[in-house]
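Take a first look at the chain below. Follow it from the overall picture down to single residues.

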Amino acid sequence: VLAQSGDAKLQAEAQLSLGEIHFKRREFKPALAFYEQVISQTQAQSRGLAAYRKAWCKFHLGEVASAIQDIETVLQSPDLLSRSAAGRAQ
């Protein structure tokens, strides 16, 4: 999907899924890279989850101060606190 699709939303979902796989395996460094790619895509519907997981990756990698800043960013950004689903915000 990442190599063949030109659809930014589809690519973001694939990157999020790969990040989740690494996160659940406790492979935080590769997961962090995928989450950062999702966050950088403004059309991605899962930016909030990716930002939240990014903070936890940093926490587990020992970057506690940066993790706290990232969580604060999520909590202060309405676009990261909600997700779009079927044309409505949740």
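This is a predicted model, so start with confidence: pLDDT is the predictor's confidence in each residue, from 0 to 100. The mean pLDDT of the chain is 86. A value of 70 or more is reached by 84% of the residues. Where pLDDT is low, the predicted coordinates should not be read in detail.

Now the overall plan. The chain has five helices and two strands. In what order do they come along the sequence? The pattern reads α-α-α-α-α-β-β. The chain has 90 residues, and 38% of them count as buried. Its accessible surface comes to about 5,700 Å². Carbon and sulfur atoms account for 54% of that surface. Next, take the contacts between residues at least 6 apart in sequence. Of these, 36% join residues at least 24 apart.

Turn to the helices. Two packed helices are described by the angle between their axes and the distance between the axes. Begin with helix α1, residues 8-24, and helix α2, residues 28-40. Their axes come within 8 Å and cross at roughly 160 degrees. Are α1 and α2 roughly parallel or roughly antiparallel? Angles over 145 degrees count as roughly antiparallel, so α1 is roughly antiparallel to α2. The crossing is left-handed. On the α1 side, the contact is made by A12, Q15, L16, L18, G19, E20, H22 and F23. On the α2 side, the residues are F28, P30, A31, F34, Y35, Q37 and V38.

Between α1 and α2 runs a loop, and R26 lies in it. R26 is exposed, with a relative accessible area of 57%. What stands out in its backbone? Phi of R26 is near 65 degrees, a positive value in a residue other than glycine. Most residues other than glycine have a negative phi.

Helix α1 also meets helix α3, residues 47-60. Here the axes come within 11 Å and cross at roughly 30 degrees. Angles under 35 degrees count as roughly parallel, so α1 is roughly parallel to α3. This crossing, too, is left-handed. Which residues make the contact? From α1 come L16, E20 and F23. From α3 come L49, A50, R53, W56 and C57. Look back at α1: L16, E20 and F23 also take part in its contact with α2.

Helix α3 has another partner, helix α4, residues 64-76. The axes of α3 and α4 come within 7 Å and cross at roughly 165 degrees. That angle makes α3 roughly antiparallel to α4. α3 passes α4 in a left-handed crossing. A51, Y52, K54, A55, K58 and F59 of α3 make the contact. They meet V64, S66, A67, D70, I71 and V74 of α4.

Is S66 buried or partly exposed? Buried means under 20% relative accessible area. S66 has 21%, so it is partly exposed. Now compare its position with W56, ten residues away along the chain. The C-alpha atoms of S66 and W56 are separated by 10.0 Å. W56 belongs to the α3 side of the contact with α1, while S66 belongs to the α4 side of the contact with α3.

Notes
Residues are numbered from 1 along each chain as its sequence is written. This is a predicted model: local features need pLDDT of at least 70, side-chain atom pairs count only at pLDDT 80 or more; totals for chains, interfaces and linings use all residues. Side-chain values use heavy atoms; hydrogens and water are left out. Helices (H or I, at least four residues) and strands (E, at least two) are DSSP runs, numbered from the N terminus. Buried means under 20% relative accessible area, exposed over 50%, partly exposed in between (1.4 Å probe, protein chains only). Contact means heavy atoms within 4.5 Å. Accessible areas come from the Shrake-Rupley method with a 1.4 Å probe; for residues, only the protein chains shown count as cover. Axes are lines fitted to C-alpha atoms, for helices over the stretch in contact, and angles run from 0 to 180 degrees between N-to-C directions. Angles under 35 degrees count as roughly parallel, over 145 as roughly antiparallel, 65 to 115 as roughly perpendicular and the rest as oblique. A crossing is left-handed if the near helix is turned anticlockwise from the far one by less than a right angle, and right-handed if clockwise.
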